Amino acid sequence: MNATLINELTTTYGIEDHGDFATVELDMTGTPAEVERFAKDFFCTVELVDHAGPAAGWPVYKFEGVFPSVVRLVKAYDE
């Protein structure tokens with residue numbers, strides 16, 4: 001993944017780099033088990049932030065992991 005794409009995903013989705021780890025909040029459809037599996041596929045953890053977020057009322061989840069894992073997760077979400 002090139003630096004331009006990483007920068008674009010970081011800016012567009014608000015990935016926050018905290019040094020040892022990164023976080024991002026995304027609204028997602030699917031069951032909690034599906035969202036958990038999605039997070040685990042990218043070696044991230046997930047936490048429900050809001051049951052009914054601003055985008056069509058879909059739940060908002062906070063994903064956390066090392067920066068490269070969070071970027072790959074966001075890239076997959078974006079596809």
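User: Leaving aside neighbours within four places in sequence, which residues is leucine 73 in contact with?
Analyst: This is a predicted model, and the contacts are read from its atoms. Neighbours of leucine 73 within four places in sequence are set aside. What remains is Leu26, Phe38, Ala39, Phe42, Cys44 and Phe63.

User: Which residues have the most contacts inside the largest nonpolar core?
Analyst: The largest nonpolar core has 17 residues. Leucine 73 is one of those with the most contacts inside it.

User: Why do the buried residues of helix 2 line one face of the helix?
Analyst: Start with the names: the buried residues of helix 2 are Val35, Phe38 and Ala39. Now look down the axis of helix 2. The buried residues line one face because they fall within an arc of 100°.

User: What covers the buried residues of helix 2?
Analyst: Val35, Phe38 and Ala39 are the buried residues of helix 2. Their cover includes strand 3 (45-50), strand 4 and helix 3.

User: What kind of ring pair do phenylalanine 38 and phenylalanine 42 form?
Analyst: The count of aromatic pairs comes to four. For phenylalanine 38 and phenylalanine 42, the ring centres are 5.3 Å apart and the planes stand at 65°. Planes over 60 degrees apart count as edge-to-face, so this pair is edge-to-face.

User: How many residues apart are phenylalanine 38 and phenylalanine 63?
Analyst: These two rings also form an edge-to-face pair, 6.2 Å centre to centre with 80° between the planes. Both residues are buried. Phenylalanine 38 sits in helix 2 and phenylalanine 63 in strand 4, so the pair links distant parts of the chain.

User: Which residues do ring pairs link into a cluster?
Analyst: Phenylalanine 38 pairs with phenylalanine 42 and with phenylalanine 63. The cluster includes a tyrosine as well, Tyr61. Its members are Phe38, Phe42, Tyr61 and Phe63.

User: Is glycine 65 buried or exposed?
Analyst: Glycine 65 lies in strand 4. Its relative accessibility is 12%. Buried means under 20%, so glycine 65 counts as buried.

User: What separates the C-alpha atoms of glycine 65 and alanine 39?
Analyst: Alanine 39 is one of the buried residues of helix 2, and glycine 65 belongs to strand 4. They are 26 residues apart along the chain. Their C-alpha atoms are separated by 9.1 Å.

User: In what order do the elements of the protein run from the N terminus?
Analyst: The protein has three helices and four strands. From the N terminus on, they run α-β-β-α-β-β-α.

User: What is the radius of gyration of the protein?
Analyst: The globule rule gives 12 Å for 79 residues. The protein's value is close to that, so it is as compact as a globular protein of that length. Its radius of gyration is 12 Å.

Technical notes: Residues are numbered from 1 along each chain as its sequence is written. This is a predicted model: local features need pLDDT of at least 70, side-chain atom pairs count only at pLDDT 80 or more; totals for chains, interfaces and linings use all residues. Side-chain values use heavy atoms; hydrogens and water are left out. A nonpolar core is a set of buried Ala, Val, Leu, Ile, Met, Phe, Trp, Tyr and Cys residues joined through side-chain atoms within 4.5 Å. Buried means under 20% relative accessible area, exposed over 50%, partly exposed in between (1.4 Å probe, protein chains only). Contact means heavy atoms within 4.5 Å. Rings of Phe, Tyr and Trp (its six-membered ring) pair if their centres lie within 6.5 Å; planes under 30 degrees apart count as stacked, over 60 as edge-to-face and the rest as tilted. Helices (H or I, at least four residues) and strands (E, at least two) are DSSP runs, numbered from the N terminus. The arc is that of the directions from the helix axis to the C-beta atoms. The radius of gyration is taken over C-alpha atoms; the globule rule is 2.2 Å times the number of residues to the power 0.38.
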